[in-house]
Amino acid sequence: VGERVEFDCWNIPLHILFRRAGVWDEIPAELQEGLTREEGRISLAVGIDCATGFFVGFRPGLTESSALVRSVLRDSVSDKSALAIWAGCSTPYIEHSGIEEGCSDGGPAYYHSLYWSTAVSLCGRYQFAAGGKPWLRGLVESTFSTIHKGFISKFCARAFENIAAKGDYKPMERANLLLTEFLKLLVLYIVDVYHNLPNGKDKRSPRQRYAALSAKYEPKRPPTADQLRMYFGTTVTRKLGPEGIRFLGIQYHSNWLAHYRSRRGDEQVMVKVDELDLGAVSALLGDMWVRIPGPAELSGVPVETWKAMTEELARRYGDEAELDFATYVGPALLRLDAAIKAAENKMGLVNTIATEEYFQRFEEQLRIHPVYDKPVEQYSAAPSLSSGTLGKLYGPSNPVASQSPAADKAEPGRPRLTSKDY
């Protein structure tokens with residue numbers, strides 16, 4: 001499991017699906033025109049484990065972009081149970097592991113530097129198959145054929161007919177509902193049907209093979225949250241201050257960061273941010289990436305959820321309000337836990353990726369300013385340095401280091417850092 005994973009994209013023409021379902025006339029004329037052109041296709045990006053035929057990740061998008069295929073790369077090493085809950089699947093979707101080797105064609109989306117650099121860091125080995133020769137990736141091509149015959153030809157039309165029969169929707173709302181229903185059915189078919197259908201000479205399903213091989217041969221461990229931030233995070237630049245690092249109105253601080261600032265001053269530092277987890281960031285202090293924690297309530301909270309919550313608080317308390325984090329913001333996050341999970345469960349069309357410019361616009365439009373009164377000493381003093389692209393994991397040589405930041409050279413009263421290959 002995870003020894004070799006093949007990645008590919010499949011273009012699904014929506015106008016053909018809607019015509020087969022008999023609901024084409026229900027779609028507005030302006031939308032029909034767009035659907036019949038190139039943009040009227042959904043690109044389904046997938047990652048399939050070669051040993052088992054199991055979908056370790058899949059995502060629909062408006063185009064075959066580097067953002068889309070990169071999101072599948074992350075799904076391949078992450079728990080996808082929230083996706084199965086959203087689609088109403090009866091079987092869980094928790095299977096994931098590390099990837100030892102990845103493979104795809106050499107299309108523009110996969111050959112993009114953004115995807116390529118992430119794939120090499122995550123997989124270790126990555127191959128590009130020759131273009132125009134789909135038989136070199138026979139597994140993924142045959143899987144697309146199975147989905148077309150078993151899902152699109154049989155299930156989509158009936159589901160769309162049920163939606164079209166409802167007359168209480170406006171045309172544009174009905175078109176959106178068709179697309180949402182299509183995505184839910186797609187997830188349902190892959191997780192509940194395809195994964196549990198016996199195939200191959202051993203007469204076992206992909207899920208059964210995945211479970212058996214995982215138990216027999218221990219797969220590569222999936223990356224940690226800190227490693228995911230290094231692989232998939234966006235790099236921004238922030239200036240150190242008395243409160244540490246401020247990002248999207250959130251304060252990130254630690255004793256390590258305070259010590260670094262006391263020696264180097266209020267300088268600009270590079271910061272890695274994971275748009276799907278605002279619980280911590282990684283800052284480049286000298287030549288080491290150091291994990292800097294934020295408020296515990298933000299662990300696992302994505303940027304879009306934080307943005308929606310700040311807008312809601314601004315409407316409630318007024319623009320430019322200074323809100324105490326412990327009194328207002330933290331409890332609001334905990335109360336909205338169900339909404340946060342629901343937002344993570346939804347499977348949207350991936351078409352863009354977060355950039356520094358996007359975060360800059362967010363901060364300029366931020367309508368509230370959380371106020372923190374938590375002293376630095378109450379943050380975790382133990383170091384947790386992010387590993388990944390640098391290839392090494394640094395840690396203290398003795399437990400005393402958890403109370404004192406380390407330097408490149410040992411000084412009186414300060415322990416020396418040791419390093420090991422990760």
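User: What makes the approach of the Ser78 side chain to the backbone oxygen of Arg74 a polar contact?

Analyst: The Ser78 side chain reaches the backbone oxygen of Arg74 at 2.7 Å. A polar contact is a pair of N or O atoms within 3.5 Å, where within protein one must be able to donate a hydrogen and the other to accept it, and residues adjacent in sequence count only if both atoms are side-chain atoms. The value of 2.7 Å therefore meets the limit of 3.5 Å. This is a predicted model, in which local features need pLDDT of at least 70, side-chain atom pairs count only at pLDDT 80 or more, and totals for chains, interfaces and linings use all residues. Residues are numbered from 1 along each chain as its sequence is written, and side-chain values use heavy atoms, with hydrogens and water left out.

User: Why is Ser78 called buried?

Analyst: Its relative accessibility is 16%, and buried means under 20% relative accessible area (exposed is over 50%, partly exposed in between; 1.4 Å probe, protein chains only). Ser78 therefore counts as buried. Ser78 lies in the loop between α3 (66-75) and α4 (81-87); helices (H or I, at least four residues) and strands (E, at least two) are DSSP runs, numbered from the N terminus.

User: Which residues are in contact with Ser78, leaving aside its neighbours within four places in sequence?

Analyst: They are Glu95 and His96, contact meaning heavy atoms within 4.5 Å.

User: How do you know that the buried residues of helix α6 line one face?

Analyst: The buried residues of α6 (residues 113-123) are Tyr115, Thr118, Ala119, Leu122 and Cys123. Seen down the axis of α6, these buried residues fall within an arc of 105°, so they line one face of the helix. The arc is that of the directions from the helix axis to the C-beta atoms. An α-helix has 3.6 residues a turn, so residues three or four places apart point the same way.

User: What makes strand β10 largely enclosed?

Analyst: In β10 (residues 277-285), 8 of the 9 residues are buried, so the strand is largely enclosed by the rest of the structure.

User: Why are β10 and β11 said to pair, and how do they run?

Analyst: Two strands pair if DSSP finds at least two bridges between them. Leu285 stands opposite Met288 in β11. The hairpin formed by β10 and β11 has 2 residues between the strands, and Gly286 in the turn has a positive phi of about 70°.
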